Amino acid sequence: MEFLKRIEEKWQKRWENARIFEANPDPSKPKFFITVAYPYPNSPQHIGHARTYTLADVYARYMRMQGYNVLLPMAFHYTGTPVLAMAKRLAENDQDLIDDFINVYKVPKEKLKDLTDPLKMARYFHEEIKEGMRRIGYSIDWRREFTTVDPQYNRFIEWQFHKLREKGFITRGSHPVGWCPRCGNPVGQHDTQGDVEPEIGDFTLIKFRHEEWILPTATLRPETVFGVTNIWLNPKATYVKAVVDREKWIISQESAEKLKYQNRKVTVLESFKGKELIGKKAENPATNREIYILPAEFVDPKNATGVVMSVPGHAPYDYAALENIKSETSKLTEYGLTANIVKSIRAISIIEVPGYSEVPAADVVKRMGIKEQTDPKLEDATKEVYRHEFHNGKMKSNAGKYAGLSVAEAKEKVKQDLIAEGKAATMYELLNRPVKCRCGTECIVKIFEDQWFIDYGNPEWKTLAHKCLEKMRIFPEELRAEYEYVIEWLHEKACARKSGLGTKLPWDPEWIIESLSDSTIYMAYYTIVRHVKEHKIKQNHLTDEVFDYVFLGIGKAEEIAEKTNIDIAVLEGMRKEFLYFYPLDSRHSAHELIPNHLTFMIFNHTAIFPEKLWPRQIVTNGHVTMQGAKMSKSFGNIIPLREGLATFDADPIRLSVLATAELLQDADFSPSVAKVMRDKLERLYRLVTQTFQSSTEKESKEEPLTTIDRWMLSRLQDHIKKATEAMEKLEVRKAIQTILFELDQDLQWYQKRKASEKAKTLHILSETLKAQTLMLTPFAPHTCEELWETMGGKDFASLHPWPKPDGKKVDIKAEESESLIMNLLDDTRNIIKATKMAPKKVFYYAAAQWKWKVYMKALEKSLEKVEQTSLIRELLKDPYLKAIAKEVAVFTGKIIDEINQMPQERKQKLIAVGPINETQVLKDTERFLKSEINAEIIIYEEENKERYDPKNRAHLAKPLRPAIYIE
């Protein structure tokens, strides 16, 4: 819609010209410092990214309207290999990537040559992302913009690493890392396709013997070696005979290559297909029992050694595979195996588990209805068996000296003993393989010699991290346990590599600090970067002494100024600005950064800054799906943000990515959702325009308030309260639902009701629309600024105070009276629909006064559950009620269950409201009811002896539920 595009440009220019989002220290106002993950400029942002950034902006705008001096800055993360890998693929004429750049990212073809330069690519997408952020209306202080390859930022990171090293948190040594063989670099989450963090597992290689050869079976459960019934090899895979550290091993061809990266000397002697060993025998080193080597195509030669030990008693995969092979014995003849040999293999039970039979794997496989070894349910089956065995299992007597031990204890003891006896070795493998580097190569594990690490395994440091987390607010709170787990689980993290963009390790400049290590305390740099830029401070002036003073208060400003040629006023200004905005009040990101970046941020802050400057809050959210499907180039459903803005406009997108889910869930974007949001904004615009062009405040306020006016004002206070509570908890979906949908429903009802009244009291509509517009401002700022101006607002809506509920305008009696009319209208329509009548007259009968007496007494007594007998006894103390004891007993029987089941809050509200003059309420709305039902309306009191009631309906009347008769 052209209207939205026009006002987007208008208000973005006005915000920029007025510089309203530039935050400077202001001692008269409380501050609120919000940051959101700075983006990698190796492709444009798409609509899915908009959720995290829009959430941060909505929160920033809300806090600004709550009176805070809000700082929301932005920078760009050039560090690492993502940009490097992308530029390299482009230079190599990768057709898939070229197709993505031209058709998905809409990069002009003539630009592609420039983008083979990593820095030029980064700068191109940097500007693309920045323009998208401007266009969607983020309230960013752009004076603080920087990149992670700026020389001054490099100095800041060098200072950070000096501090970590001084504290003993930087170590050097050998450690397994995810590795790209092609790039020759360690890889972390940000270096892989799909941003997958390589998970490294420590496999035990148990040395089964076949003649003079060792078959090293890779397992994560060495304690199950006592239950091995056979060995699995893939008959179609290529295996090799190799000398591995002076031992003769048979392993997969791929394993031979991997082991070379793990400091093993490997000499391949010959290669052959796995089928050549099928039907042969091997000896179990733990039991000396001979077992057969059987074929299994599920064995992945790329996983560990490609040699698998089979434990069908306790491994669902093995149980299913063994059952499959027993039913396909005809295929075994080529291997010299007979049906009797295979069918004689029985599962061996070595672990006792409460709630399971001798063969837990069989129990779970049968319960889940698994028939084939390829059934994906086997993954869940495996997890179930392992979880129960690990936590509750005990080793049986056939486990030898390990009998009676828990599985958890036996696992480590068996491993260590086998290694000590030379019967086992170890190997690292990626648990979540295949993980691919951004260059397209599958990653492996390498034991990196002389690598620099950040030692997140340091126990004292973990204690500090836990202490910080304990004091933080975590949204959603359900994820706190995940942070706790990650803090415990983290160990040494490779922090530097030999290639890529970024900061050189200050004491060993051959290494470049990697992207998950230079992005942990950069929030502090935001507070001073505008001074660095404004005063053109060069990197060589930003010494460690400068940063010590600015961030830690160490040293004297006069001496540092003299040494560095930085003006003392500038130094002191940086120190004051840092202390004003720090600590960080809210950090925003997606859930998947909890295992790395977000937890690293906690660790690094506790290492460098005093406790009072540790971060206060982290907010994470789920992803965005596109019409129910994951956003992916392969699905063809990636919409770059700027393209989306051109199609759907800024405010509808902002609302769409936040309105369909709360933080924990994935949100679903679709053109239909965007259209609903656009239609809502258009309707609001039309209503505001009509309202504020048709009356003046003075004229409107002269009219007396009716029940419906008081109802609207009362409902408005409730909506303001609910929206505010939702925003404080960052329940943005609930806030949008309240502001844009529930309040809108009430407005539509109000307009409909007012149409039947002569008095217009337009100031009620005006007051409601102003509050709605202000509450909607953080979500749809462009539209709301335009509406606010139309309403006569002199300031920016973005800077106007957030509405506060006014308790004096809460009128619960008006609310109940109006609910009575709504329910009555619904009941009438339902009767008309059911009877298929064309009504000419509708008769309403208001409940007798004595029924109200009974109803109110029942409500009071039911605050603690009341029995019918005791309630009637109490009621009959009233002489009037005693005279009609029979009617009272019947009526009490009709309402007692309903009242007992009513929520306490509802009971208390009705007690506070007291009896309602239903007859008057009905008479006041007679004109409205007539127009809605299109029939004559006649109102009687139940006790009116002259009432017209041919079907004796009046006695059915209850408080708040008049009886109905239709002709």
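**Sheet and helix packing**

Colleague: In which sense do β27 and β29 pair?
Modeller: This is a predicted model, in which local features need pLDDT of at least 70, side-chain atom pairs count only at pLDDT 80 or more, and totals for chains, interfaces and linings use all residues. Residues are numbered from 1 along each chain as its sequence is written, and side-chain values use heavy atoms, without hydrogens and water. Strands are DSSP runs of E, at least two residues, and helices are runs of H or I, at least four, numbered from the N terminus; two strands pair if DSSP finds at least two bridges between them. β27 (residues 841-846) and β29 are joined by 4 bridges, and the sense is antiparallel.

Colleague: What is the order of the strands in the open sheet?
Modeller: The sheet has 3 strands with mixed pairing. The order is β28-β27-β29.

Colleague: How is α3 oriented to α5?
Modeller: Axes are lines fitted to C-alpha atoms, for helices over the stretch in contact, and angles run from 0 to 180 degrees between N-to-C directions. The axes of α3 (residues 82-91) and α5 (residues 118-136) come within 9 Å and cross at roughly 110°. Angles under 35 degrees count as roughly parallel, over 145 as roughly antiparallel, 65 to 115 as roughly perpendicular and the rest as oblique. Therefore α3 is to α5 roughly perpendicular.

Colleague: Which residues of α5 make the contact with α3?
Modeller: Contact means heavy atoms within 4.5 Å. From α3 come Val83, Leu84, Met86, Ala87 and Leu90. From α5 come Pro118, Met121 and Ala122.
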